[in-house]
Amino acid sequence: MEIKKKDIRALTKEQLREFFAENGDKAFRGNQVYDWLWSKSLHSFDEMTNISKSTREMLAKNFVINHIEVDSMQKSNDGTIKNGIRLHDGLLVESVLIPTETRTTACVSSQVGCSLDCKFCATARLKRMRNLNPDEIYDQVVVIDKQSRLYHNRKLSNIVFMGMGEPLMNYNNVIKAIDKITSPEGLGMSAKRITLSTSGVPKMIKKMADDEVKFNLAVSLHSAIDEVRTSIMPFNEIFPLEDLAESLRYWYAKTKRKVTYEYVVWDGINDRKEDVQALVDFCKVIPSKVNLIEYNPIDDGMFQQASSRALDNYISNLEMNDIVVNVRRSRGKDIDAACGQLANKS
Ligand code: SAH
């Protein structure tokens, strides 16, 4: 009977050191292998050139290196690249490279599918299949960093957790991945260049504050009126705005860091005067700024981007109240790579 081999990247550095010490080698060998696995992102024991052949064979007997593969790659005419990523068990997620003049941002997935049911989001149509492991999140970043160097002659500069899934519903693995991404033993990126975007799970926002995370927080708000928000983001029924506000106060008290609200304005849904006023009020809960995102249609006609007059109304009212507001044009729309369009069409 074949024994199922363990994924070597599920081991911590300490566990890897112990493995070598217990198997008649030096613990230090664990450091070398760890470096190949993470910092150098190797996917085969044979390429570990400073490890002896017999040790490499012993590793291959005991472990596998599970890893992702780029299954498909689509390039948009604005330079955006959408990757279909095949996981070791055959499931697919998507990761997007988004270039601007000065930056390259990786938009990564945290789950296969999503358990939330946001009415305007294509990913919501897939049921949640499973959480991604830390290495599967990390590998998406490695893939996009390589593409950035290849196609844009620069390394990856920013990461947003705005791909498929709700990162706060896979918190432990997301944190482990970010630890590796920011560690000098991994990619050595600054946490300041990472943004976690959540639909707003109050308990987990407090947990992040307690954990003193150093990355940025964005909340997909879309409405600051419970009734409206529940109609488009049904889980708002369980996590109403007052609970969200309370968790954000807690976040700010502990971290002293602003939050960004992501907000789409739709025709006939949240384009009234009272919608604007409610957002202005909500922005006063803690220091914050607003990103108004362009709506990316997901082909069912239920939602329509509001008129530019409605948008201007939001902008002028927010600005009048000294709230910073950015209007975010979508990128990669022609290849369904924009926010909310990730759904494995292939
Ligand atoms: N679950 C997380 C991250 C994934 S969604 C979250 O909710 O934040 C990433 C962003 O895209 C969110 O702000 C989401 O509200 C937004 N989004 C989803 N569908 C969209 C669409 N069709 N058009 C524009 N933005 C969309």
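1. Asp135 counts as buried in this predicted model, because its relative accessibility is 5%, under the 20% cut-off. Arg9 is buried too, with a relative accessible area of 4%.

2. These two residues are partners: the side chains of Asp135 and Arg9 meet in a salt bridge, with N to O at 3.7 Å. Asp135 belongs to helix 4 (residues 134-152), while Arg9 sits in the loop between strand 1 (6-7) and helix 1 (13-22), so the pair ties together parts that are 126 residues apart in sequence.

3. A second pair is Lys254 and Asp210, whose side chains form a salt bridge at 3.1 Å, N to O. This pair links distant parts of the chain, 44 residues apart: Lys254 is in helix 8 (residues 241-255) and Asp210 in helix 6 (residues 202-210). Lys254 is partly exposed, with a relative accessible area of 47%. Asp210 counts as partly exposed at 39% relative accessibility.

4. Salt bridges that share partners join Arg9, Asp135 and Asp139 into one network. The pair described in point 2 therefore belongs to a network that takes in Asp139.

5. Where do Lys53 and Glu57 lie? Both are in helix 3 (residues 53-62), 4 residues apart, which is about one turn of the helix. Lys53 forms a salt bridge with Glu57, and their closest N and O atoms are 3.1 Å apart. Lys53 is exposed, because its relative accessible area of 56% is over 50%. Glu57 is partly exposed, with a relative accessible area of 43%.

6. The structure holds 20 salt bridges. Among them are Asp135 with Arg9, Lys254 with Asp210 and Lys53 with Glu57.

Methods. Residues are numbered from 1 along each chain as its sequence is written. This is a predicted model: local features need pLDDT of at least 70, side-chain atom pairs count only at pLDDT 80 or more; totals for chains, interfaces and linings use all residues. Side-chain values use heavy atoms; hydrogens and water are left out. A salt bridge is a side-chain nitrogen of Lys or Arg within 4 Å of a carboxyl oxygen of Asp or Glu. Helices (H or I, at least four residues) and strands (E, at least two) are DSSP runs, numbered from the N terminus. Buried means under 20% relative accessible area, exposed over 50%, partly exposed in between (1.4 Å probe, protein chains only).
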